[in-house]
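I opened this entry to look up salt bridges. I wanted to know which parts of the chain they connect, and how buried the partners are.

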Amino acid sequence: MTVTASTKKSSGCDKLTLTTFVILLGIALWLQFKTDVAKTNSPKMGRMGKVDPNSYAEPEKVVMQHADLDWEIDFNRKIISGSVTLKFNVLSDDGIEHILLDVSDLKIESVFAKLPAGEIPLTFTVTDPVENVGSKLTVNLPNVTKGVISIVIDYDTVSASALAWLSPEQTSGKKHPYVFSQCQAIHARSILPCQDTPAVKFTYSAVVKHPSALIALMSAIRDEAKSTAGVSRFTQTVPIPSYLMALAVGPLVSRQIGPISKVWSEQEQIEEAAYEFVDTDNFVQKASEICGPYVWKEYNLLVLPKSFPFGGMENPTLTFVTPTIIAKDRSLVDVVAHEIAHSWTGNLVTNKNFEHFWLNEGFTVFVEGKILGRIHGAAYRDFHALHGLTDLADCIKNQLADEPQLTKLVVNLTDLSPDDAFSSVPYMKGSNFLRYIEDLVGGPDVFEPFLKFYLDKFKYQSIETQDFKKTLYDYFNEKGLAALLDPIDWEAWLYGEGMPPVIPKYDTSLVDACREHTNLWADNALDVIKNSKVITGKLSSSQVVEFLGGLLEKENIVELNADKIAFLAETYGLEKTQNAEIRFRYVRLMIRARLRDRMQEILSFANSNFRMKFVRPVYKDLGKWPEVRDEAIANFQRVRNEMMKVCALQVAKDLGLNE
C-alpha cells in the first residue's frame, strides 16, 4: 500500500513536470524564434561600400575636398558642438541625387546646401547602424550636376569613440580637464560627418572654442596671429585622410627641440619630454634623405596621458606619443622614427582601405629601420628587424591564434572592423616583405631610388597593393632588371597565413647575444645560471627587451619560480628600470611563473598605462590563469572608463566578456 501511494504521488509529479516541460519548451522555442528573427533583421556590416568595406561613402561618385570646422569644446557635457562645411567635387557625369556620409553617435541638427544665393535646407536620414562601426547619413540633394557643391551640417557629438575625456584627477596636474582624439581607423565619423575612408583625402581649416586656461592643438598648423585665449585657429593645406584628423585640448606647454619641432605635454612632463626627444630633428633629416622632401612644414610631438591606446599616432604636424616611451635614457625613441617615417608612408601615400594596411605600416617599419640604420649602423637596423620578428611570432602564436586569416598581409574586412583586425602583422610581415624585395634587386643602393620614385609617383594619393606591385615591375622593367623579381611568390606573401614565407638574411650579431641569454635562462636551473659567464655580458636596453621577449616565446622554461624571477630581476635591474617595454615583459614572466603574491604589482602595471600593446597581452595572460581571472576582470571593470573605447572593447574581447 505504501508503495502504491508513493507511486501515485510520483505519477502526479511526473504529469506536472511533463506539462511544465512542454510549456517551457514552447516558450524556449518561441524565444529562439524571436532571437533568430532579430538576428536576421539586425544590420550586418557586409561590405559597406564599393571602395571601402568599412565606409558607406561613394568616392567613385563624389569626393570630399575640404572641411571647414567650427567647434566648441564642452567639458561639462563631454561633447563637441558646432558645424562643419563640407566641399565636394561631383564626379558623375549624370550628377547625383544624394551624398552618403559616415556618422557614429552624432546628433544631426540640420543640413543646408551652401549656394551663391544663400543656404537652402536639405532633408537627410540616418540609417543602417552597425555596432561599433557607425551609420549611414544620407543627404538628399536638389538637382546637382558634375562640379562642386558645399553643404553645412550643424551637429553635436554624443559619445564619440574618437574622444577621451579626462577629468582633472586623471591628468598629471590634477587641475584642469583634458580631451584628445584617436580617429584611426574608423572613428573620425564620431566627431564629424565625413567620407570616413582613407580613399578620400581633403584639406581642412578649423576654429576651436575652448576654456581660456587651456591650449588647443590639431593635426594642422596653428595660426598664432589669429588665435586668442579660448579661440584657436588651424589650417591644414596638405590633403589628408579622415583618420588623420586630430584634436587635443588641455593644460599644455611646449619646448622647442628643433628648427621645425616642438614637444608638447603637461607641465609636469615637459622637461623630461624635451630631454627624451632631443634627436627628433636628426630623425627628420635622415627620413628626408631616404624619402624625399618633407611637405608638412612643422613636425611637433604631443606626449599624451596614459589613456592613449597606441605607441604613437602619426597625425600630420603633431605626432601623438604615449608617455610609456619616456624611459629617461632615450632607449625607446625609435617610436618617433616610426612616426616621422609615416610623414611619407601613410600620410603622403596612403592605403585606399584598411585591407591594404600593410602599405602604410609595412613601408613605415621598413623606412624606420633605414633611419635607425643610418644613425646606429647596419647591424642595428637588422637587430631592429629581428626584434620585430620576435614580436610577430608572439602575435601569431597568441593574439591571432584563433584568427589565422588575420595573419595574411592583405586581409578581408568584410563583416569586420579594422580595429578587430589590428595586429603587428602588417607592420612586421610587411616590412620583411620589402626587405626581401630589396635584397632580391641588389640592396639599398638599387631599391632606395625606387622607393623615392614610388613615394613621388603616389604622393597625395590613396592606393591598393596592386598599384605598388605594378609600379615595382614597371620601374625595374624599365631598368632591364624585372627578372630579379621572378622569385617573388606574391600569393604566399600577400595571402599566405602565418610567418613570412622567407626570412631575409639579417646580420644576427646583436641578437645572438640575446638568444644566448634566452637559452641560458630557459634551459637551466638557477644554480647553473648563477655560475654562468653569460650573465656577466652587458646587454643594451633594446637587447634586454629582445632577450625577455625570446624567453616568453619559449614553450618550456626550466623551474620558472619566484627565486628564478627574483634573480632575473637582480641580474638585469628589472625592478629599477623606467623602460616600459622591459617592464611589460617582466610582468608577463611573473604571470607565466604564476606568482600569486605579485598580483598587485602586475595590476599596477596594467593600470599605469592603457597602451593596447601592453594591456591586451597582460589581460589575455591573466584571463588564462584561473585563480586570478575574476580579480583581473574586476580590476578591468574598475578602470575601463579611463580607457579609450577602442582599448576597452578589445580588452573585453580578450577576457571573453560579452559586451
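I started with E642. The model is predicted, and in it E642 has 25% relative accessibility.

Next I looked up the partner of E642. The side chain of E642 meets that of K306 in a salt bridge, 3.7 Å from N to O. K306 sits in the loop between β18 (300–303) and β19 (312–313), and E642 in the loop between α19 (629–639) and α20 (645–654), so this pair ties together parts 336 residues apart in sequence. K306 comes out at 32% relative accessibility, so I noted K306 as partly exposed too.

Then I checked R435 and D382. Their side chains form a salt bridge at 2.9 Å, N to O. R435 belongs to helix α8 (residues 425–441) and D382 to helix α6 (residues 378–399), so the link spans 53 residues of sequence. Are R435 and D382 buried or exposed? Both are buried.

D654 is in helix α20 and R616 in helix α18 (residues 612–623), so the pair ties together parts 38 residues apart in sequence. D654 is buried, with a relative accessible area of 14%. R616, at 11% relative accessibility, is buried as well.

I also found a network. Salt bridges with shared partners join E289, K370, R374, R381, E438 and E448.

Last, I took the total. How many salt bridges are there? The count is 34.

Note on methods: Residues are numbered from 1 along each chain as its sequence is written. This is a predicted model: local features need pLDDT of at least 70, side-chain atom pairs count only at pLDDT 80 or more; totals for chains, interfaces and linings use all residues. Side-chain values use heavy atoms; hydrogens and water are left out. A salt bridge is a side-chain nitrogen of Lys or Arg within 4 Å of a carboxyl oxygen of Asp or Glu. Helices (H or I, at least four residues) and strands (E, at least two) are DSSP runs, numbered from the N terminus. Buried means under 20% relative accessible area, exposed over 50%, partly exposed in between (1.4 Å probe, protein chains only).
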